[in-house]
Amino acid sequence: MTKQKRIAIFGSTGSIGTQALEVIAVNSEKFSVEILTAQTNDTLLVQQAIQFNPNCVVIADERKYITVKEALAHTPVKVFAGDKALEEVAALDCYDMMLAAIVGYAGLKPTLTAIQHKKAIALANKETLVVAGDIIMQKAFENKVPVIPVDSEHSAIFQCLIGEGNNRIEKTILTASGGPFMGKKPNFLVNVKKEHALQHPNWTMGAKISIDSATLMNKGLEMIEAKWLFNLNAEQIQVVIHPQSIIHSMVQFEDGSIKAQMGLPDMRLPIQYALAFPQRIPNQFPRFDFKKAATLQFEEPDMRTFRNLALATDALYKGGNLPCIMNAANEIAVYAFLRNRIGFLDITEMIEQTMNKVSFIAQPTLDEYFDSDAEARNFAASLIQL
């Protein structure tokens with residue numbers, strides 16, 4: 001890279017955003033930070049703005065606007081607030097690539113705006129493609145915008161496909177650690193508390209994705225994301241449990257050959273790869289040592305116990321607005337579980353009831369996706385015991 005690539009980090013105070021800033025700080029000659037956004041963490045947003053001196057920041061929680069504005073009054077950083085400001089800032093010309101790291105459905109509209117303004121996307125928000133993957137990828141195609149995945153699994157598939165041209169994919173194999181409750185049965189899971197569910201064995205992640213990993217919904221969302229990212233049929237997407245998280249995913253081609261991308265579980269690597277693509281840049285991250293490696297294990301996921309993965313598979317095959325409905329119900333259910341309003345197994349029950357309740361639309365418009373999301377959220381919320 002001969003000149004600095006200008007980066008906008010949407011969701012800069014979360015797990016992906018903070019690790020991206022670590023990568024940028026070490027490679028300041030290659031990247032500049034132009035936009036930072038946060039939902040509620042005004043304290044960290046201000047610290048990041050002072051360190052990286054972006055063009056502007058957005059605090060989505062409008063109640064914290066004055067606090068951020070006053071804290072940055074001595075700097076040239078422009079301060080905006082509110083959800084609408086996320087879309088408005090996404091339309092600015094001051095950046096080259098958006099790192100889309102806002103958690104959940106909230107990341108959809110800013111990402112769509114960036115694509116419509118021909119900005120490259122480093123996609124860390126899987127819900128955007130789960131909710132409206134057909135429309136997002138069609139808009140990216142129309143605007144000739146690259147969408148480079150940041151999720152470790154999709155980054156792995158992306159890397160395996162480099163150089164393969166039009167060689168036909170027989171199947172993609174998404175690996176899953178199995179989460180903190182691998183091998184457990186429902187009589188154990190019924191008593192699970194959020195403190196246990198947040199303890200992922202291999203990855204350090206935010207609360208939402210940690211719970212999704214514990215229920216295996218995360219892998220279900222990734223299956224749907226893979227469909228749209230790589231233009232796959234549902235039959236071409238498989239999940240295998242791999243507790244060590246060394247192989248991040250695999251691609252099997254029509255000749256039976258399998259390519260795998262491997263490495264220690266460290267999200268900075270796929271973040272760096274997406275930001276610097278098509279180049280690889282050196283780093284000091286720990287290396288995997290085959291001489292010291294224990295056995296790598298693989299097994300089928302237990303979809304009878306972890307039914308979220310079965311529900312997501314149904315949504316993958318049926319398509320339409322069903323993944324959108326499922327995602328909305330999951331966000332409400334996880335939110336309720338994290339606030340001790342429902343039990344661990346209730347998450348699945350809420351999602352299943354919502355998927356059965358909200359009307360199915362085979363080929364939704366963008367507005368119908370928005371309506372389906374709102375209806376699913378309202379119904380799921382009504383299931384929570386007051």
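Rings of Phe, Tyr and Trp (its six-membered ring) pair if their centres lie within 6.5 Å; planes under 30 degrees apart are stacked, over 60 edge-to-face, and the rest tilted. The model is predicted: local features need pLDDT of at least 70, side-chain atom pairs count only at pLDDT 80 or more, and totals for chains, interfaces and linings use all residues. Residues are numbered from 1 along each chain as its sequence is written, and side-chain values use heavy atoms, without hydrogens and water.

**View 1. Phe181 and Phe344 form an edge-to-face pair.** The structure holds 8 aromatic pairs. In this one, the ring centres lie 5.4 Å apart and the planes meet at 80 degrees, so the pair is edge-to-face. The pair links distant parts of the chain, 163 residues apart. Phe181 lies in the loop between strand S8 (169-176) and helix H8 (186-189). Phe344 lies in the loop between helix H14 (322-338) and helix H15 (346-357). Helices (H or I, at least four residues) and strands (E, at least two) are DSSP runs, numbered from the N terminus. Both Phe181 and Phe344 are buried (under 20% relative accessible area; exposed is over 50%, partly exposed in between; 1.4 Å probe, protein chains only).

**View 2. Phe288 pairs with Phe290.** Their ring centres are 4.8 Å apart, with planes at 75 degrees, so this pair is edge-to-face. Phe288 is partly exposed at 21% relative accessibility. Phe290 is exposed at 59%.

**View 3. Ring pairs link a cluster of Phe181, Phe188, Phe337 and Phe344.** The charged end of Lys184 sits over the ring of Phe188, 4.7 Å from its centre (NZ of Lys or CZ of Arg within 6 Å of the ring centre and within 35 degrees of the ring normal).

**View 4. Arg339 sits over Tyr335.** The charged end of Arg339 is 3.6 Å from the centre of the Tyr335 ring.
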